[in-house]
Amino acid sequence: MFGQTTVGANGISSASSRMFRYEVVGLRQNDETDKNNYEIRRSGSVFVTVPYSRMNEEMQRITRLGGKIVKIEPLTTVK
């Protein structure tokens with residue numbers, strides 16, 4: 001987005017405060033995840049929450065880990 005702000009029912013908010021949830025399937029253990037102290041689940045869906053500003057970086061990380069994004073949804077705050 002150019003300008004990094006949106007105007008909606010809740011007023012003006014910056015892009016960094018907007019959060020999105022990815023539903024990911026197919027993550028597997030590999031050289032990248034071996035650096036972690038835990039194993040990646042091999043089946044089922046995993047949900048990853050990221051700010052708008054990191055969406056592209058997180059998509060690339062999921063791809064490197066062998067995952068497939070099946071759904072992306074915005075998280076909204078309820079007032």
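## Strands and the sheet

Two strands count as paired if DSSP finds at least two bridges between them. In this predicted model, an open sheet of 3 strands runs in the order E4-E3-E5, with antiparallel pairing. E4 and E5 are the edge strands, each with a single partner, so one side of each has no neighbour in the sheet. From one strand to the next, the twist averages 25°.

E3 and E5 are joined in the antiparallel sense over 7 bridges. Across this pairing, Phe20 stands opposite Pro74 in E5, and Arg21 stands opposite Glu73 in E5. E3 and E4 also pair in the antiparallel sense, over 7 bridges, and Val25 stands opposite Ser45 in E4.

## Basis of the model

Residues are numbered from 1 along each chain as its sequence is written, and side-chain values use heavy atoms, with hydrogens and water left out. Because the model is predicted, local features need pLDDT of at least 70 and side-chain atom pairs count only at pLDDT 80 or more, while totals for chains, interfaces and linings use all residues.

The predictor's confidence in each residue is its pLDDT, on a scale from 0 to 100. The protein chain averages 75, and 56% of the residues score at least 70. Confidence is highest in strand E5 (residues 68-75), with a mean of 94, and lowest in strand E1 (residues 5-8), with a mean of 47. Over residues 1-7 pLDDT stays under 50, and the model has 14 contacts beyond four places in sequence for this stretch. Where pLDDT is low, the predicted coordinates should not be read in detail.

## The chain as a whole

Helices (H or I, at least four residues) and strands (E, at least two) are DSSP runs, numbered from the N terminus. The protein chain has 1 helix and 5 strands, in the pattern β-β-β-β-α-β along the sequence.

Of its 79 residues, 23% count as buried, which means under 20% relative accessible area; exposed means over 50%, and partly exposed lies in between (1.4 Å probe, protein chains only). The accessible surface comes to about 5,900 Å², and 52% of that belongs to carbon and sulfur atoms; the areas come from the Shrake-Rupley method with a 1.4 Å probe. A contact means heavy atoms within 4.5 Å. Among contacts in the chain with a separation of 6 or more, 68% join residues 24 or more positions apart.

A nonpolar core is a set of buried Ala, Val, Leu, Ile, Met, Phe, Trp, Tyr and Cys residues joined through side-chain atoms within 4.5 Å. The largest such core has 9 residues: Phe20, Tyr22, Val24, Leu27, Val48, Val50, Met55, Ile62 and Leu65. Strand E3 (19-25), strand E4 (45-51) and H1 each give two or more residues to this core, and E3 supplies the largest share, 3 residues.

Met59 lies in helix H1 (residues 55-64). Met59 is partly exposed, with a relative accessible area of 29%. Beyond four places in sequence, Met59 is in contact with Tyr22, Ile69 and Ile72. Met59 and Tyr22 are 37 residues apart in sequence, and their C-alpha atoms are 8.9 Å apart in space.

Terms used: Axes fitted to C-alpha atoms, helices over the stretch in contact; angles between N-to-C directions.
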